[in-house]
Amino acid sequence: MSGSTWRNWAGNVQASPATVLTPRSVEEVSAAVRQAAAQGRTLRAAGTGHSFTPLVATDSVLLRPEGLTGLLRFGAGTATVAAGSMLHDVNVALHAQGLALANMGDITEQTVAGAIATGTHGTGRDSASLSAQVAGLEIVLADGSVVTCSRLHEPELFAAARLGLGAVGVVTAVTLDVVPSFLLHAVEEQRPLDDVLEGFADLAAANDHFELYWFPHTDRAMTKRNNRVGPGVGPAPLSRLRAWRDDELMSNTAFGLVCRAGRAAPRLVPTINRLSARAWGGRTYVDTSFRVFATSRRVRFTEQEYAVPRAALVPLLTELRELVDRFHISFPVEVRVAPADDVWLSPAYGRDTAWVAVHMFEHMRYAAYFAAVEERALAVGGRPHWGKLHTRDAAWCAASLPGYAQFTAVRDRVDPDRLFSNDHVRHVLGD
Ligand SMILES: Cc1cc2nc3c(=O)[nH]c(=O)nc-3n(C[C@H](O)[C@H](O)[C@H](O)COP(=O)(O)OP(=O)(O)OC[C@H]3O[C@@H](n4cnc5c(N)ncnc54)[C@H](O)[C@@H]3O)c2cc1C
C-alpha cells in the first residue's frame, strides 16, 4: 500500500510513508526488512500511535502492527504474544488462563511492542515498567535475520531491544513475565497536597501501587492506593452506573467540557479547577487488576513526563506550583513511582524513581510550559519518557544516561547502516 497518511493519537505527529505494509508473519517482516535494506530505504514499525514523540514518523517504509496479533504460548511464569497485540487483548487472553501482568500503565490501547519500545510504565513499589517485565524477544534485525534473545541468550541484544525505540530491529514476538490473576483493592480519595507530599515516601512504601493527581491552582490532590487483596476477599466492583458516571461522564465528558472552557477563557482556569476538584469524590472498590490499572481516555491532549530521583519529587512539585499559575494549566499533574530497574535506556535505570507528568489539552500551545517543566526536571537529574514530548538530543543522552553507551554499541553492531531510523531517532540516538 502506498500514499496514505499516518497520524498519532494526539494528532501532533503526521507522516506520509511512501510504502505501508502489514506483515502477517515473521517471514513477511524479514522480507520487508531485506527489501528496504536492498533499496537503501529506512523502515519504521508502528504500534497504535500512542506516542507523542515522532518516533514512528517516516516518509519511507512503515510496518503496521495489525497482522501480528494473538497469544502464542505459555511457559513457566511467562506468556508469549505476537508483538502487535494490543495490551487490552493480552489482558483478556491472560485472564482467561488465570494469569495477569503484574503492572501496567493507565490505558491498554497500545501494542505490546510499541509499549515496551518506549518503556511504558504504571506505578508500583515493586513492579517496574513493561520493558522490565519482558523475559524474551523475537526480533528481525537489519540483515533480515530472525533472532531470539533473553537474559541468558544474546543478553546484550535483549538488554537493548526490550526498550529500543524501534531502533534495534522489528520485534515480532514478546515473552512477558506473568503472575496468577489478582484482585486490587482500590481506594481513591482527595487529600490536601501538602499532607500527601509530606507523607509521600511512606505512601509509596506502604502501597503496592500509589499515585496522585494534583489539581493545579488548588491545594487538593486525588490519591490512588491500589493494593492486592488478601486471601478470602472477593471482587466488589463498581456498579455499572457508578463506573459510567465516574469513568465516562466525569473523567471524559465533563472533563472535556472543563478543558474546553479553560481553553476558551484561560483566566477562569483556577476557578474552574477549584470547582471541579470539589466535584471529584472518592471511591473504594475491588476488581480484577487490569480493570483497576486502566481507564478510558477520550479527552485528547499532549504530554511530557520526566523520571526524577525519588527525593527530588517534593522540590520539583513546589516549583511546578508557580508554573501552573503562569501557564493557566487545567490538566491535573500526575505523579507515579517505579523501583530501580536494569533496562539500559529506562529512565528508572539504577534508581528509585518518581514520575511527574504534565499535560496540555488538544490544540493548545504546550511548548513553553513543557520547556519550563523540563528545565526544572533536568535540574534535579530528570530523564525523559521516550514516548512523551521532550527535547533531549544524542549529546545529552550520551552524557546523562548510564546505559546509553552500551545501548549504542549494540545499535552500531546490529544496524550499522541505520535502516531503523528517522529524524527523531537520529536526534535522540545519533547518526
Ligand atoms: C492516552 C495515553 C495514555 C498513556 N498512558 C501511559 C502510561 O500510563 N504510562 C506510560 O508510560 N506511557 C503512557 N502513554 C504513552 C504510550 O504508552 C507510549 O508512547 C507507547 O510507546 C505507545 O505504544 P504504541 O503501541 O502506540 O506505539 P507507537 O507509539 O506507535 O510506537 C512507539 C515506538 O514503538 C516502536 N515499535 C512499534 N512496534 C514495534 C515493533 N514491532 N518492533 C520494534 N519497535 C516497534 C515504534 O517504532 C516507536 O518507536 C500514554 C499515551 C497516551 C496517548
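Visitor: What volume does the second largest pocket have?
Guide: This is a predicted model, and the pocket in question is lined by 31 residues, of which Tyr 213, Ser 251, Phe 255, Trp 280 and Pro 332 lie nearest its centre. By class, that lining comprises 13 nonpolar, 10 polar and 8 charged residues. The volume of the second largest pocket is about 640 Å³.

Visitor: Which element gives the most residues to the lining of the second largest pocket?
Guide: Strand 15, helix 7 (240–264) and helix 8 (269–279) each supply at least two residues of this lining. The element that gives the most, with 10 residues, is helix 7.

Visitor: Which element gives the most residues to the shell around the ligand?
Guide: The shell counts 34 residues, and the closest are Ala 45, His 50, Ser 51, Thr 118 and His 385. The elements that give two or more residues to this shell are strand 4 (43–45), helix 3 (112–117) and strand 11 (170–177). With 4 residues, the element that gives the most is helix 3.

Visitor: Which element supplies the largest share of the lining of the largest cavity?
Guide: The search of the whole structure finds 3 cavities of 30 Å³ or more, and about 120 Å³ of space lies in the largest cavity. Of the 15 residues that line this cavity, the closest to its centre are Gly 105, Asp 106, Glu 211, Val 292 and Phe 293. Two or more residues of the lining come from each of strand 14 (209–214), strand 15 (220–228) and helix 9 (289–293). The largest share, 3 residues, comes from strand 14.

Visitor: How many charged residues does the lining of the second largest cavity have?
Guide: The second largest cavity has a volume of about 50 Å³, and the residues that line it include Gly 119, His 121, Asp 341 and Trp 355. By class, its lining has 5 nonpolar and 4 polar residues, and the number of charged residues is 1.

Visitor: How are the rings of Trp 9 and Phe 301 arranged, stacked or edge-to-face?
Guide: The whole structure holds 10 aromatic pairs, and in the pair of Trp 9 and Phe 301 the ring centres are 5.1 Å apart with 65° between the planes. Planes over 60 degrees apart count as edge-to-face, so the arrangement of Trp 9 and Phe 301 is edge-to-face.

Visitor: How many residues apart are Trp 9 and Phe 301?
Guide: Trp 9 lies in the loop between strand 1 (6–7) and strand 2 (14–15), whereas Phe 301 belongs to strand 17 (residues 301–309). The pair thus links distant parts of the chain, and the separation of Trp 9 and Phe 301 is 292 residues.

Notes. Residues numbered from 1 in each chain as written. Predicted model: local features only at pLDDT ≥ 70, side-chain atom pairs only at ≥ 80, totals over all residues. Heavy atoms only, no water. Near = heavy atom within 4 Å. 1 Å grid on protein atoms, 1.4 Å probe; cavity = no way out; pocket = protein on both sides within 12 Å on 5 of 7 lines; lining within 4 Å. Points joined across faces, edges and corners; volume = space filled by probe spheres on them. Nonpolar A, V, L, I, M, F, W, Y, C, P; charged D, E, K, R; others polar. Phe/Tyr/Trp six-rings, centres within 6.5 Å; stacked < 30°, edge-to-face > 60°.
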